[in-house]
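Open the model in your viewer and keep the selection tool at hand. The tour goes stop by stop.

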Amino acid sequence: MNHVLEYPFDAEYILAHKKQIRRKLLDADQDFMEKRVALLGGSTTGNILAVLELFLLYHGIRPVFYESDYNRYYEDAMFWQRGLKDFRPDIIYIHTSNRNVTAYPALDDTADTIDRMLEEEYERFYGMWERLADLYGVPVIQNNFEMPFYRLLGNKDVSDIHGAGNYLMRLNMKFYEYAQTHENFFICDIQYISADYGLKKWSDPFYWYMYKYALNADAVPYLAFHVANIMKSIFGKNKKGFVLDLDNTLWGGVIGDDGPEGIVLGPEEPGGEAYLEFQKYIRAHKKLGVVLNVNSKNETENALAGLAHPGGALKPEDFIVIKADWEPKNENFAAIADTLGLLPESLLFVDDNAAERLLVTESLRGVTAPQIGEVHQYIQNIDRGGYFETTILSGDDQRRSDMYRQNVKRQQSAAQFTDYRSFLISLQMRAVITGFEADTIPRVMQLANKSNQFHLTLERYTQADLTRAAQAEDVITLCGRLEDRFGDNGIVSALAGHIRQTLSGPECVIRLWVMSCRVLGRGMEDCMMDALVHACLERGVSRIVGLYHPGKKNGMVKDFYGTQGFTQVNKNESGDTQWLYEIPAGYKDKNTVIRQRTQ
């Protein structure tokens, strides 16, 4: 059964039952990451804040809000306002609309006058964004502008320089150019959202005149939903892959009954074209780093024959794991996640059969299986769900399918060895460990915010946080990349240790240590420990303090420090532990299976 906050949702129900939904979300048994969210509005925003909280809670983010006074977004941003300063936001959302544009072209304005007007309007926002970056250094989400709710020039309004539509599009383009050159800045596309909702309903002026709402009150859940998708992506809460059914999902018909020649797929008929377009849509996700897998009740031979169909866009080699058998789908789903080294909740289940969707979501905590409808609705219902909202696209993301495929080959190779160390040596692993650098920080942020099973402190970081850590003299930052004979695993581990002075001398406190589950147990843990020890010794530090904060998913590393030679020195009632490592004279590297290079 789909949650009330999953797309397609009932906006009226959400608005009518906000308190009840909030209470149930807070009572749910899950780890929340707490984030301080500043909402700076150019209109009334209380209702937006209330619904935004629901969607963030659903994504595992517990927000603490700062809300600007009515239409005080500019003052809060530009001046060192004590309230916002003391709040110390983790992220800032600027909710403005075309109601906040200071002036529009008049019909007798010259082109030069309109150009100056456009530049002045943009400079007002530009100065605000730069000021926020200087003061807070956190991600900023900015609305673009929806189209006007009336057109003085009719259809010419969009092409004539005097038209409000033309003016807003030009202003939007300036916003996009800024976003393209500033990594910590994101656009909430209310131009698209309002068009998708219906501009006439979205911009109903009654709500502006009566309540100073910049949009129809009934549209608030749609706006909040999209803002929450951007935030959950920034904080590492996206899905990582698809698990896809085959019959009547990737093609029409049942291949076991109809045969490859009898399934509906390809451009020759309307239904086949719809399935083909859906396959193209799914395949395009590979470039986003989304991994593709199959979970089908089928004979393997039939499944492969269907995927090799000449009219299809997806081929067997596009998938990492193909489970085509008669085992229960919830068991196969769990096995796919295990093979990939991912939590089941990281994968999106797509199946036309409601009973199968219910089986998987009821059996496996946190798994989402959207209601996809009829084949012509598949793309819209999945795409509008925002499961793979893109805020950062790194090189490692685009190579992720290859990385997971290589990992499956490693698992197959391991089965040939009876001695695990011999297997590790056979991998011919090579590690490169650097500090946090401009081109690695986006991936480090993904690791810090996504990794749960090997995440010792559960602290979450923004890109700005990591940039400050990289530049700080009292912080040791380490970023580890691992390659082997099967290929490049990419950046798989990150560590940050803060050096502090104590009565016993300087010590390094580990505030962040994360590892991709794809490489656990291959010796990269030892490489990172060795690199940390040597970095400490270079700075005259001989004591390392390890911190562990328990969560619902990182129990596997509760004793990790002990395996590295640390001694537990403290444990509180919440299960937080503190560990101490005194670096011995003549420290001997722990890693013996990876060729290591530190830069």
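Predicted model: local features only at pLDDT ≥ 70, side-chain atom pairs only at ≥ 80, totals over all residues.

Residues are numbered from 1 along each chain as its sequence is written, and side-chain values use heavy atoms, with hydrogens and water left out.

**Stop 1: two helices**

Select residues 111-135, helix H6, and residues 164-181, helix H7. Helices (H or I, at least four residues) and strands (E, at least two) are DSSP runs, numbered from the N terminus. H6 and H7 pack at an angle of about 35 degrees, with axes 10 Å apart; axes are lines fitted to C-alpha atoms, for helices over the stretch in contact, and angles run from 0 to 180 degrees between N-to-C directions. Now show side chains: Phe125 and Trp129 are among the H6 residues that meet H7, where Arg170 and Phe175 are among the partners. Contact means heavy atoms within 4.5 Å. The contact residues divide into 11 nonpolar, no polar and 6 charged. Nonpolar covers Ala, Val, Leu, Ile, Met, Phe, Trp, Tyr, Cys and Pro; charged covers Asp, Glu, Lys and Arg; the others, Gly among them, are polar.

**Stop 2**

Two strands pair if DSSP finds at least two bridges between them. Select S6 (residues 241-244), which 4 bridges join to S9. Phenylalanine 242 has leucine 348 in S9 as its bridge partner.

**Stop 3: a pocket**

Select Ile230, Phe388, Glu389, Thr390 and Thr391, which lie nearest the centre of the second largest pocket among its 28 lining residues. On a 1 Å grid over the protein atoms alone, a pocket is an open set of points with protein on both sides within 12 Å along at least five of seven lines; a cavity is a set where a 1.4 Å probe fits but cannot get out; lining residues have an atom within 4 Å of a point. Strand S5 gives the most to this lining, with 4 residues.

**Stop 4**

Finally, select Trp202 and Trp208, which are among the residues lining the second largest cavity.
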